[in-house]
Amino acid sequence: MKALAHKLVEELTVETAFTIGGKIQIAESVVITWVVMAIITFLCIWLTRNMKVRNPGKRQLAAEFIVNWLDSFTGDMLGEHALQYREYMSTVLLFIGFANIIGVFGVKPPTKDMNVTIALSLMSIILIEAAGIRAKGGKGWLRSFTEPIAIVTPINILEVFIRPLSLCMRLFGNVLGAFVIMELIKMLVPVGVPVVFSLYFDFFDGLIQAYVFVFLTSLFIAEAAEPAAPRPKKVRKAKKKAVQA
């Protein structure tokens with residue numbers, strides 16, 4: 001167990017890849033994040049080169065299929081009132097997916113660094129609240145904290161801080177938990193079996209965690225982007241005008 005604890009400490013330690021000017025330290029997770037971004041950017045440029053309206057090539061067909069699938073996949077989670085956020089959610093899905101499965105190549109996934117998961121969670125929560133303000137307006141967004149009744153306002157305000165924390169800890173904890181399970185398997189069955197489980201945790205589980213993060217963020221955005229219900233006074237005024245008409 002001491003060996004496991006030692007490896008866990010090593011895994012949690014954020015290593016410095018290089019230093020700029022002897023003062024600015026660039027973490028390993030940042031460098032791997034740049035690599036993931038470069039891979040995604042390269043694939044996007046490569047798949048969308050020489051696009052044609054007629055007689056499209058195989059690469060263009062592949063690109064169109066991926067975009068249509070991502071739009072449909074994220075659009076179903078976001079709902080009709082938040083479809084404008086599909087592109088962002090698709091980008092997050094691709095980034096976390098690539099960041100998690102890059103461990104197959106023997107590289108530490110950047111999502112094992114809590115700083116990365118915190119940044120992703122903060123970006124998500126800012127978008128969630130921005131979606132609420134955009135859909136309901138400033139006054140409607142503030143009023144939503146008093147729903148369904150005013151007494152729950154402190155709880156609703158607390159949720160603004162709980163949501164990014166839950167997103168961060170869920171992603172970080174699940175990725176780190178896979179590492180702990182792998183180390184225990186290696187201790188019990190050192191030959192053969194760890195290879196199979198390593199592929200599962202590095203590939204399938206990594207994609208599952210990307211889906212869970214995007215699903216929860218999309219769920220919160222869909223909830224925030226729902227149009228505000230008309231206030232009772234406005235409903236009565238609307239009925240009164242309809243009767244007079």
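Is Tyr211 buried, partly exposed or exposed? At a relative accessibility of 35%, Tyr211 counts as partly exposed, where buried means under 20% relative accessible area, exposed over 50%, and partly exposed in between (1.4 Å probe, protein chains only). The structure is a predicted model, in which local features need pLDDT of at least 70 and side-chain atom pairs count only at pLDDT 80 or more, while totals for chains, interfaces and linings use all residues. Residues are numbered from 1 along each chain as its sequence is written, and side-chain values use heavy atoms, with hydrogens and water left out.

Strand 1 (residues 16-20) and strand 2 (24-27) pair in the antiparallel sense over four bridges, pairing being assigned if DSSP finds at least two bridges between two strands; helices (H or I, at least four residues) and strands (E, at least two) are DSSP runs, numbered from the N terminus. The two strands form a hairpin with three residues between them, and Gly21 in the turn has a positive phi of about 65°. Ile20 stands opposite Ile24 in strand 2.

Helix 2 (residues 28-47) has 20 residues and reaches 29 Å from its first C-alpha to its last, close to the 28 Å expected at 1.5 Å a residue, the expected span being 1.5 Å times one less than the number of residues. Its buried residues are Ser29, Ile32, Thr33, Val36, Ile40 and Leu47. These residues cover an arc of only 110° around the axis, which puts them on the same side of helix 2; the arc is that of the directions from the helix axis to the C-beta atoms. Strand 2, helix 3 (58-78), helix 4 (86-101) and helix 5 (114-143) are among the elements that cover the buried residues of helix 2, whereas the face turned away from the buried side carries the exposed residues Phe42 and Ile45.

The loop between helix 2 and helix 3 contains Asn50 and Asn55. Asn50 has a positive phi of about 55° although it is not a glycine, and phi of Asn55, also a residue other than glycine, is positive and near 50°. Asn50 is exposed at 58% relative accessibility, as is Asn55 with a relative accessible area of 70%.

Leu120 touches Phe95, Ile96, Leu171 and Phe213, not counting residues up to four places away in sequence, where contact means heavy atoms within 4.5 Å.

A search of the whole structure finds four aromatic pairs, defined for rings of Phe, Tyr and Trp (its six-membered ring) whose centres lie within 6.5 Å, with planes under 30 degrees apart counted as stacked, over 60 as edge-to-face and the rest as tilted. The rings of Trp141 and Phe145 have their centres 5.1 Å apart and their planes at 80°, so the pair is edge-to-face; Phe145 counts as buried at 13% relative accessibility. Tyr211 and Phe215 form a stacked pair, at 5.8 Å centre to centre with 25° between the planes, and both lie in helix 7, four residues apart, about one turn of the helix. Phe215 is partly exposed, with a relative accessible area of 31%. Ring pairs link Trp69, Phe73, Tyr211 and Phe215 into a cluster.
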